[in-house]
Amino acid sequence: MKDSFIAGPKTIVYGVIAVVVLCALFFVLFCSNVSAQSGDNLNVRGYEQVLIRPGDTLDKLSREYAGIYSHVSPSEYKNQIILLNDLDSDYIREGIYLMMPICKK
């Protein structure tokens with residue numbers, strides 16, 4: 001009776017190929033999605049963390065920061081803020097920090 005399993009060269013090669021294929025698939029599925037959501041289409045150069053104060057709204061912040069940090073309309077900039085901060089709605093609470101993408105040169 002055999003007490004241990006020793007893999008042959010073919011089994012090892014197939015195992016290595018399987019690991020490489022799985023790693024590549026993982027990278028394509030998850031890393032490409034992150035870069036699309038992080039604002040690569042705006043040519044993001046950095047991020048500014050902004051403390052939300054009483055009375056702040058996403059519309060107000062996007063109008064203010066779109067002119068400072070980007071070359072897109074406030075509406076497009078607002079969508080990027082939502083994607084970047086993984087927000088479910090336009091509602092934001094005071095006291096939290098939001099990341100604002102910096103897209104200008």
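Student: What should I know before I start?

Tutor: The model is predicted, so local features need pLDDT of at least 70 and side-chain atom pairs count only at pLDDT 80 or more, while totals for chains, interfaces and linings use all residues. Residues are numbered from 1 along each chain as its sequence is written, and side-chain values use heavy atoms, with hydrogens and water left out.

Student: How many helices and strands does the protein chain have?

Tutor: Helices are DSSP runs of H or I with at least four residues, strands are runs of E with at least two, and both are numbered from the N terminus. Here there are three helices and two strands, in the pattern α-β-α-α-β along the sequence.

Student: At what angle do the axes of α2 and α3 cross?

Tutor: Axes are lines fitted to C-alpha atoms, for helices over the stretch in contact, and angles run from 0 to 180 degrees between N-to-C directions. Helix α2 (residues 58–69) and helix α3 (residues 74–84) have axes that come within 8 Å and cross at roughly 105 degrees. Under 35 degrees counts as roughly parallel, over 145 as roughly antiparallel, 65 to 115 as roughly perpendicular, and the rest as oblique. So α2 and α3 are roughly perpendicular to each other.

Student: Which residues of α2 and α3 meet?

Tutor: Contact means heavy atoms within 4.5 Å. L58, D59, S62, R63, Y65, A66 and Y69 in α2 meet P74, Y77, K78, I81 and I82 in α3.

Student: Which residues in α2 are buried?

Tutor: Buried means under 20% relative accessible area, exposed means over 50%, and partly exposed is in between (1.4 Å probe, protein chains only). In α2, the buried ones are L58, L61, S62, Y65, A66 and Y69. They cover an arc of only 120 degrees around the axis, so they sit on the same side of α2; that arc is taken from the directions from the helix axis to the C-beta atoms. The general idea is that an α-helix has 3.6 residues a turn, so residues three or four places apart point the same way.

Student: What do the buried residues of α2 pack against?

Tutor: They pack against β1 (46–51), α3 and β2 (97–102). Over in α3, Y77, K78, Q80, I81 and I82 are buried, and these pack against α2 and β2.

Student: Is D56 buried or exposed?

Tutor: D56 sits in the loop between β1 and α2, and it counts as buried because its relative accessibility is 15%. A polar contact is a pair of N or O atoms within 3.5 Å; within protein, one must be able to donate a hydrogen and the other to accept it, and residues adjacent in sequence count only if both atoms are side-chain atoms. The side chain of D56 makes one with the side chain of K60 (3.5 Å).

Student: Which side chain does a polar contact join to that of D90?

Tutor: That of K78, at 2.7 Å. D90 is in the loop between α3 and β2 and counts as partly exposed because its relative accessibility is 41%. Leaving aside neighbours within four places in sequence, D90 is in contact with L58, K78 and I82.

Student: What is the phi of D86?

Tutor: Most residues other than glycine have a negative phi. D86, though, has a positive phi, near 55 degrees. It follows α3, and at 64% relative accessibility it counts as exposed.
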